[in-house]
2 protein chains.
Amino acid sequence: MTDVLYLQDLTVGDTFTSGEHALDTEQIIRFAHEFDPQPFHLDDQQAQGTFFAGLAASGWQTSAITMELLVGSLPLAGGVIGAHVDVSWPQPTRPGDVLRVTSTVVSVAPSRSRPDRGMVVLECITANQRGEAVQRMTSKVLCFRREG
Amino acid sequence: MTDVLYLQDLTVGDTFTSGEHALDTEQIIRFAHEFDPQPFHLDDQQAQGTFFAGLAASGWQTSAITMELLVGSLPLAGGVIGAHVDVSWPQPTRPGDVLRVTSTVVSVAPSRSRPDRGMVVLECITANQRGEAVQRMTSKVLCFRREG
């Protein structure tokens with residue numbers, strides 16, 4: 001995919017598959033130190049006695065990696081600009097996981113007041129190398145309309 | 001606040017106010033390079049002609065900083081472990097913004113099947129130095145019950 005996509009190019013059911021992001025212990029700990037400094041995200045030994053029973057990535061790191069993968073796989077004109085998201089993490093992301101995002105267009109709604117744009121709802125599933133969902137996200141994104 | 005909080009310690013309406021995080025251009029560009037490499041998050045000049053009309057932080061960076069501020073202000077026993085969130089970004093976070101999070105307990109529900117825990121719903125507002133909300137989040141978090 002080299003061309004950018006406008007509102008008219010998107011149809012309910014369209015699917016986009018991202019590239020991959022391989023996550024390792026160093027990335028998990030670095031992110032956690034900056035944004036989510038809790039024992040289960042910082043140290044495998046300390047994580048053993050917690051809810052996660054071993055080192056797990058911050059859910060927000062899974063979200064940030066999902067965004068990285070979306071930016072590379074969803075060539076919307078004007079960029080990928082989210083307005084509202086609903087996110088759940090059905091299971092933890094672990095060191096060694098290789099993440100991939102599959103995005104499906106759920107709705108396409110032209111704006112009534114702004115003829116140059118609309119809103120698109122995407123269902124984005126972030127899965128690990130075993131195909132298990134580590135994040136489910138419904139995202140409402142801005143989408144511009146091709147002129148003419 | 002030095003003691004950790006258990007499910008029994010939380011009441012609807014309880015409020016927690018975080019410390020502050022001052023965001024600058026360097027942090028915004030560094031995060032964007034890693035997770036959200038789009039012109040409006042990478043370069044102030046390129047951002048001028050976009051929807052944001054100037055450099056703006058990735059929404060996911062605002063979320064990650066919110067988590068950092070929550071970890072410092074919400075001393076839940078067992079940690080701050082989110083299961084499901086609903087997030088919107090009413091306006092962009094900009095270089096120079098100083099963020100602060102106010103969290104309010106919306107509901108407290110003991111688990112029926114697991115007597116040692118429950119779920120707490122929090123409304124977390126991330127505001128800038130002018131008191132304008134840059135993120136609104138409803139977050140369902142795991143909370144452990146004090147024994148005995």
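Predicted model: local features only at pLDDT ≥ 70, side-chain atom pairs only at ≥ 80, totals over all residues.

The contact itself draws 29 residues from chain A and 29 residues from chain B. On the side of chain B that touches chain A, α4 (59-73) and β2 (81-88) of chain B each supply at least two residues. By kind, the residues of that side of chain B are 16 nonpolar, 10 polar and 3 charged.

Strand β2 (residues 81-88) of chain A and β2(B) run antiparallel and are joined by 5 bridges. Two facing positions illustrate this pairing: A:D86 stands opposite B:D86 in β2(B), and A:V87 stands opposite B:V85 in β2(B).

The sheet to which these strands belong is open and has 10 strands, with antiparallel pairing. Its order is β1(A)-β3(A)-β4(A)-β5(A)-β2(A)-β2(B)-β5(B)-β4(B)-β3(B)-β1(B). At the edges stand β1 (15-22) of chain A and β1 (15-22) of chain B; each has a single partner strand, so one side of each is left without a neighbour in the sheet. On average, and with direction ignored, neighbouring strands of this sheet are turned by 20° against each other.

## The helices on the sheet

Helix α4(A) packs on the sheet. In chain A it touches β1, β2, β3 (98-110), β4 (117-127) and β5 (133-144), and in chain B it touches β2. The direction of α4(A) makes about 125° with that of β1(A). In chain B, helix α4(B) lies across β1, β2, β3 (98-110), β4 (117-127) and β5 (133-144) of chain B, together with β2 of chain A. This helix, α4(B), runs at about 125° to β1(B).

Helix α4 (residues 59-73) of chain A has 15 residues. From its first C-alpha to its last, α4 of chain A reaches 21 Å, close to the 21 Å expected at 1.5 Å a residue. Of the 15 residues of α4(A), 13 are buried, so the helix is largely enclosed by the rest of the structure.

## Two single residues

Residue A:V108 has its place in strand β3 of chain A. It counts as partly exposed because it has 17 C-beta neighbours inside 10 Å. Leaving aside residues up to four places away in sequence, A:V108 touches A:L7, A:L10, A:V12, A:G118 and A:V120.

Residue B:G131 is found in the loop between β4 and β5 of chain B. With 8 C-beta neighbours inside 10 Å, B:G131 counts as exposed.

Each of these residues can also be placed by its C-alpha distance to another residue of its chain, as listed here.

| Residue pair | Separation in sequence | C-alpha separation |
|---|---|---|
| A:V108 and A:Q129 | 21 residues | 30 Å |
| B:G131 and B:P37 | 94 residues | 28 Å |

Conventions:
Residues numbered from 1 in each chain as written. Chains lettered and ligands numbered in written order. Contact = placed C-beta atoms within 7 Å. Helix = DSSP H or I, 4+ residues; strand = E, 2+ residues; numbered from the N terminus. Nonpolar A, V, L, I, M, F, W, Y, C, P; charged D, E, K, R; others polar. Pairing = 2+ DSSP bridges. Expected span 1.5 Å × (residues − 1). Buried ≥ 20, exposed ≤ 12 C-beta atoms within 10 Å, placed from the backbone. Axes fitted to C-alpha atoms, helices over the stretch in contact; angles between N-to-C directions.
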